[in-house]
Amino acid sequence: RILLAEALVRDGRLDAAWDMQSQAIAALERAGATTDLAAALSARADLALNVGRPDDALPAAERALFLRRSVLPPDHPDVAGALTVLADVHLAAGRPD
């Protein structure tokens, strides 16, 4: 479902991508797939910014970072990526600090 959501984003079908991401996130939560869930939440934050839903972007980015930090060492590239997504969300919201 994540790959389908990504394809829908590339195709410009953002509403359909949003729905597919929601289904994927729910399935990953049920499965307890921490690293995949973190990736899906980061993608959700990016999509939320692209569709003008910054209120949805922040909790997704924060949760993705929390999940990454819970299973990875602090210097892991995926933790850095999650921090970058969170920074992007803050910048888009006009809160660069």
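## Helix 3 against helix 4

Helix 3 passes helix 4 in a left-handed crossing. This is a predicted model. Helix 3 covers residues 34-50 and helix 4 covers residues 54-71. Their axes lie 8 Å apart, and the packing angle is about 155 degrees. Because angles over 145 degrees count as roughly antiparallel, helix 3 is roughly antiparallel to helix 4.

On the helix 3 side, the contact is made by Thr 34, Thr 35, Leu 37, Ala 38, Ala 39, Leu 41, Ser 42, Arg 44, Ala 45, Ala 48 and Leu 49. Helix 4 contributes Pro 54, Asp 56, Ala 57, Ala 60, Ala 61, Arg 63, Ala 64, Leu 67, Arg 68, Ser 70 and Val 71. Sorted by class, the contact of helix 3 with helix 4 has 14 nonpolar, 4 polar and 4 charged residues.

## Helix 4 against helix 5

Helix 5 spans residues 77-92. The axes of helix 4 and helix 5 come within 9 Å and cross at roughly 160 degrees. That angle makes helix 4 roughly antiparallel to helix 5. The crossing of helix 4 past helix 5 is left-handed.

Helix 4 takes part through Ala 57, Leu 58, Ala 61, Glu 62, Ala 64, Leu 65, Arg 68 and Arg 69. Facing them from helix 5 are Asp 78, Val 79, Ala 82, Leu 83, Val 85, Leu 86, Val 89 and His 90. The contact of helix 4 with helix 5 divides into 11 nonpolar, 1 polar and 4 charged residues.

## Helix 3 against helix 5

Between helix 3 and helix 5 the axes come within 10 Å, with a crossing angle of roughly 20 degrees. Angles under 35 degrees count as roughly parallel, and helix 3 and helix 5 are therefore roughly parallel to each other. Their crossing is left-handed.

The contact is made by Ser 42, Ala 45, Asp 46 and Leu 49 of helix 3, together with Val 85, Asp 88, Val 89 and Ala 92 of helix 5. Of the residues in the contact of helix 3 with helix 5, 5 are nonpolar, 1 is polar and 2 are charged.

## The nonpolar core

The largest nonpolar core has 28 residues. Those with the most contacts inside this core are Leu 37, Leu 41, Ala 45, Ala 61 and Val 89. The elements that give two or more residues to the core are helix 1 (2-10), helix 2 (14-31), helix 3, helix 4 and helix 5.

Ala 61 lies in helix 4. Ala 61 is buried, because its relative accessible area is 1% and the cut-off for buried is under 20%. With residues up to four places away in sequence left out, Ala 61 touches Ala 45, Val 85, Leu 86 and Val 89. Ala 61 and Ala 45 are 16 residues apart in sequence, and their C-alpha atoms are 5.5 Å apart in space. Val 89, under the rule that residues up to four places away are not counted, touches Ala 45, Leu 49, Ala 57, Leu 58 and Ala 61.

Ser 42 lies in helix 3. Ser 42 counts as buried because its relative accessibility is 12%. Not counting residues up to four places away in sequence, Ser 42 touches Ala 64 and Val 85. Ser 42 is listed in the contact of helix 3 with helix 4 and in the contact of helix 3 with helix 5.

## Exposed residues outside the helices

Arg 1 is found in the segment before helix 1. With a relative accessible area of 53%, Arg 1 is exposed. Arg 1 and Asp 88 are 87 residues apart in sequence, and the distance between their C-alpha atoms is 24 Å.

Asp 11 is found in the loop between helix 1 and helix 2. Asp 11 is exposed, at a relative accessible area of 55%. The C-alpha atoms of Asp 11 and Arg 30 are separated by 28 Å, while the two residues are 19 residues apart along the chain.

Terms used:
Residues are numbered from 1 along each chain as its sequence is written. This is a predicted model: local features need pLDDT of at least 70, side-chain atom pairs count only at pLDDT 80 or more; totals for chains, interfaces and linings use all residues. Side-chain values use heavy atoms; hydrogens and water are left out. Axes are lines fitted to C-alpha atoms, for helices over the stretch in contact, and angles run from 0 to 180 degrees between N-to-C directions. Helices (H or I, at least four residues) and strands (E, at least two) are DSSP runs, numbered from the N terminus. Angles under 35 degrees count as roughly parallel, over 145 as roughly antiparallel, 65 to 115 as roughly perpendicular and the rest as oblique. A crossing is left-handed if the near helix is turned anticlockwise from the far one by less than a right angle, and right-handed if clockwise. Contact means heavy atoms within 4.5 Å. Ala, Val, Leu, Ile, Met, Phe, Trp, Tyr, Cys and Pro count as nonpolar, Asp, Glu, Lys and Arg as charged, and the others, Gly among them, as polar. A nonpolar core is a set of buried Ala, Val, Leu, Ile, Met, Phe, Trp, Tyr and Cys residues joined through side-chain atoms within 4.5 Å. Buried means under 20% relative accessible area, exposed over 50%, partly exposed in between (1.4 Å probe, protein chains only).
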